[in-house]
Amino acid sequence: MAKIKFSIIVRGNNKAHWLKILLLKLKNQSEKKFEIIYCDNNSNDETVNLLKKFKVHKVVKIKKYLPGLAINMGVKKAIGEYIAIISSHCVPKDDHWLRDYKNFMIKNQQIVACYGKQLPLPGTSEKDQLDLNIV
């Protein structure tokens with residue numbers, strides 16, 4: 001089996017509609033050597049069924065949700081050479097999201113982390129849209 005290149009940490013709660021879109025987009029990535037770690041904040045919608053359908057085997061249950069804590073708990077389960085973090089209501093810009101991230105990190109080895117611009121999706125709250133447009 002090929003070595004896992006990426007650990008993709010997804011955090012969320014009751015975002016099954018967006019999670020389905022995200023998981024489909026991840027499935028279509030040009031980079032195929034990745035695992036998904038889902039950090040779940042007590043979802044009670046279709047999230048669990050979607051994770052099973054897409055064969056996401058690493059699920060971290062979060063009882064008291066804090067975004068940073070959720071990410072840290074996911075990182076502890078990661079085995080990839082690179083870690084990508086995305087919220088369940090976000091979608092990569094294209095099918096080369098992971099490839100572009102990897103290429104950037106290889107060319108800039110003095111950098112240990114990078115941030116990819118997120119665009120607001122339909123239904124994103126006005127406050128979150130403002131935050132995403134500022135960053």
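D100 and R99 are joined side chain to side chain by a salt bridge, 2.9 Å from N to O. The term salt bridge means that a side-chain nitrogen of Lys or Arg lies within 4 Å of a carboxyl oxygen of Asp or Glu. This is a predicted model, where local features need pLDDT of at least 70, side-chain atom pairs count only at pLDDT 80 or more, and totals for chains, interfaces and linings use all residues. Residues are numbered from 1 along each chain as its sequence is written, and side-chain values use heavy atoms, leaving out hydrogens and water.

D100 also has a salt bridge with K93, and here the closest N and O atoms are 3.8 Å apart. Through shared partners, salt bridges tie K93, D94, R99 and D100 into one network.

E35 and K58 form a salt bridge through their side chains, at 2.8 Å from N to O.

| Residue | Relative accessible area | Class |
|---|---|---|
| E35 | 10% | buried |
| K58 | 27% | partly exposed |
| K93 | 63% | exposed |
| R99 | 32% | partly exposed |
| D100 | 29% | partly exposed |

Across the whole structure, a search turns up eight salt bridges.

Notes. Buried means under 20% relative accessible area, exposed over 50%, partly exposed in between (1.4 Å probe, protein chains only).
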